Amino acid sequence: MNAKVNIKKILVIGGAGYIGTDLCFELLKKGYSVICYDLLVYNNKIKSKSILNHKNFKFIKGDINKIQKYKNDFDNLEAVIILAGLVGDPITKKYKKKSRLINYVGIKNCIDFFKKRNLSKLIFISTCSNYGIIPKNHKADENYPLKPISLYSEDKVKIEKYLLKNKNIFNFKTTILRFATAFGVSKRMRFDLTINDFLRQLYFYKKLTVFDPDTWRPYCHVKDFTRCIIHILNVKTFLIDGEVFNVGSDQNNITKNELIKKILKQTKIKAKISYLPYSKDLRNYKVSFKKIENKLKFKAKYSVSFGINEILKSLKGKKFKKKEILGNYKIKLKT
Ligand SMILES: NC(=O)c1ccc[n+]([C@@H]2O[C@H](COP(=O)([O-])OP(=O)(O)OC[C@H]3O[C@@H](n4cnc5c(N)ncnc54)[C@H](O)[C@@H]3O)[C@@H](O)[C@H]2O)c1
């Protein structure tokens, strides 16, 4: 029989990044066709042969500010997932103008480009950093007031507001996912994220300075973000239309102090830890992940302990070298 198989085509904008490469890989495994659109601002080329050589994978090197140029590639899309951006407080502080141009102007340009096109879902990846600083005994759910305290989260909040305000004029259903801080091993590794960074420093240098050890943060494994996005692609649109979800798990809300204790106990690394009671990063927030659990039946499954073992194993296995600095430190664009 010659039945025509209907493969769903997904556009992953920013798909060559830390979360994006994991997502592209899993989407391909699940039978989707994937277009990865990315400017490779850190020269972060996808190296995985299982992605690059996959018959349903296409890579387009392009800027989100110039997405119009490739309009012919974007017919018959099922969904667009927007991950692209300058990600994190340090890199956005370092490149303020570029950051606004990418994280606000560029993302808005993509949304406007797709607003009248024929696709089912647009998923915008935002951040729990939008909650900024909250009192110790509070937990932020999706209705908690947003208090962005960095350029990075200011732009995320602006895009969230733009999407929610205009949701009725878009052809697609829109969903905003506020991700916790990521950890875990990915094909495009980032060691500038707290858990990954702590492990790398402890493993290679046996010493670590911890700023503001009592501040809270929610963490989530990169694989759980991928699982979540794929889950959203498969739920009924009325459940996710115009909705905001925090993504992470309540059990992975911890202070840096607790995190260090966990890492040292689990890895048995003997290291010199210095604590400094202040930080340039004032963020401090605990987050509730009940909405996504209750409404979409999605539960993150990877614990911080799982991530610690996984990262340690990859360091021991020489997957990452000491001299290799992997993360969002310096833009490598010819502009
Ligand atoms: N990693 C985290 O802890 C975390 C936490 C919360 C939210 N998020 C969000 O998840 C998304 C992905 O994060 P990540 O950790 O994978 O970051 P990343 O820096 O690894 O990936 C971002 C990708 O965007 C691309 N990009 C940047 N500017 C571009 C442009 N002008 N045009 C096209 N592509 C461009 C980069 O080349 C990179 O591949 C981001 O939107 C981020 O805000 C991440």
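Which polar backbone atom lies 2.9 Å from an oxygen atom of the ligand? The atom belongs to I19.

## Basis of the model

This is a predicted model, in which local features need pLDDT of at least 70 and side-chain atom pairs count only at pLDDT 80 or more, while totals for chains, interfaces and linings use all residues. Residues are numbered from 1 along each chain as its sequence is written, and side-chain values use heavy atoms, with hydrogens and water left out.

## The ligand and its shell

A polar backbone atom of Y18 lies 2.8 Å from an oxygen atom of the ligand, and an N or O atom in the side chain of D63 is 3.0 Å from a ligand nitrogen; a polar contact is a pair of N or O atoms within 3.5 Å. Taken alone, the ligand exposes 830 Å², of which the protein buries 98%, with areas computed by the Shrake-Rupley method using a 1.4 Å probe.

The ligand is surrounded by 32 residues, the closest being D38, N44, Y152, R188 and R190, where a residue is counted if one of its heavy atoms lies within 4 Å. Two or more shell residues come from each of α1 (18–29), β5 (121–127), α5 (151–165) and β7 (181–183), and β5 gives the largest share, three residues; helices (H or I, at least four residues) and strands (E, at least two) are DSSP runs numbered from the N terminus.

## Cysteines without disulfides

A search of the whole structure finds zero disulfides, a disulfide being a pair of cysteine sulfur atoms within 2.5 Å. For C24, the nearest cysteine sulfur is that of C36, 4.4 Å away, and C24 counts as buried at 0% relative accessibility, buried meaning under 20% relative accessible area. C128 is likewise in no disulfide, with the sulfur of C220 nearest at 9.0 Å, and is buried with a relative accessible area of 1%.

## Aromatic pairs

The structure holds 12 aromatic pairs, which are rings of Phe, Tyr and Trp (its six-membered ring) with centres within 6.5 Å, counted as stacked under 30 degrees between planes, edge-to-face over 60 and tilted for the rest. F179 and F225 are stacked, at 3.8 Å centre to centre and 5 degrees between the planes, and they link strand β6 (residues 173–179) with helix α7 (residues 222–234), 46 residues apart.

F191 and F320 form an edge-to-face pair, 5.1 Å centre to centre with 85 degrees between the planes. Because F191 lies in the loop between β7 and α6 (194–205) and F320 in the segment after α11 (304–316), this pair ties together parts 129 residues apart in sequence.

Conventions: Polar contact = N/O pair within 3.5 Å; in protein donor to acceptor, adjacent residues only side chain to side chain. Buried < 20%, exposed > 50% of the residue type's maximum accessible area, 1.4 Å probe, protein only.
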